[in-house]
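Try each task yourself before reading its solution.

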Amino acid sequence: MKRSFTITMAFVFTLMFGVLYIQIFSSFNHKTVNAPQSVVYYLQVGVFAKEENANRRLQELQGLQLDSYIFEKKEQFYVVTGLSLNGNDRKQYKSVLDQAGLGSYDKEIIVKDQTVIQKWQKQEVKPILELFSKEE
């Protein structure tokens, strides 16, 4: 009898503390902390099967005084310009491209690794172009 009373009391206390625990901790607002990320906006000015054609387009853009780059992805050569953390900056680039009769597509990529952004801001574009080539 004494043993069954002890077991019953242990069960009752466990149940009471379990309910109390759930009531206390369910009232907390559990938010996940997101790592900082940045959006890089850019204009895609061409996709070419041959690197020499991409280089010709690159030279055209450089002739317009636009910072432009080539990256390779899935055996295609992409030409991009107007890289910016501010989407509004693309308007200036797009205006120059339109006046030159060159079409472009607005693009953006989310960058989670802030060291890539820091390097890019120091004029090191290779890490960001590597992200472009890996993007699906």
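This is a predicted model: local features need pLDDT of at least 70, side-chain atom pairs count only at pLDDT 80 or more; totals for chains, interfaces and linings use all residues.

Residues are numbered from 1 along each chain as its sequence is written, and side-chain values use heavy atoms, with hydrogens and water left out.

**Exercise 1.** Find the span of helix α2 and work out which of its residues are buried.

Solution. Start with the element itself: helices (H or I, at least four residues) and strands (E, at least two) are DSSP runs, numbered from the N terminus. Helix α2 covers residues 51-63, and its 13 residues reach 18 Å from first C-alpha to last, close to the 18 Å expected at 1.5 Å a residue; the expected span is 1.5 Å times one less than the number of residues.

Next, look at burial (buried is under 20% relative accessible area, exposed over 50%, partly exposed in between, with a 1.4 Å probe and protein chains only). A54, R57, L58 and L61 are buried. Down the helix axis these residues fall within an arc of 105°, so they line one face of α2; the arc is taken from the directions from the axis to the C-beta atoms. Q59 and G63, on the other side of α2, are exposed.

Finally, the buried residues pack against β1, β2, β3 and α3 (90-99), where contact means heavy atoms within 4.5 Å.

**Exercise 2.** Describe how β3 is paired and how enclosed it is.

Solution. Two strands pair if DSSP finds at least two bridges between them. β1 pairs with β3 in the antiparallel sense over six bridges, and V47 stands opposite Y78 in β3. Strand β2 (residues 68-73) also runs antiparallel to β3, joined by six bridges, with I70 partnered by V79. β2 and β3 form a hairpin with two residues between them, and K74 in the turn has a positive phi of about 50°. Eight of the nine residues of β3 are buried, so the strand is largely enclosed by the rest of the structure.

**Exercise 3.** Which residues of helix α4 are buried, and what do they pack against?

Solution. In α4 (residues 114-121), V116, I117 and W120 are buried. They fall within an arc of 100° seen down the axis, so they line one face of the helix. Their packing partners are β1 (38-48), β3 (76-84), β4 (105-111) and α5 (126-134). Just after α4, Q123 takes a positive phi of about 75°.
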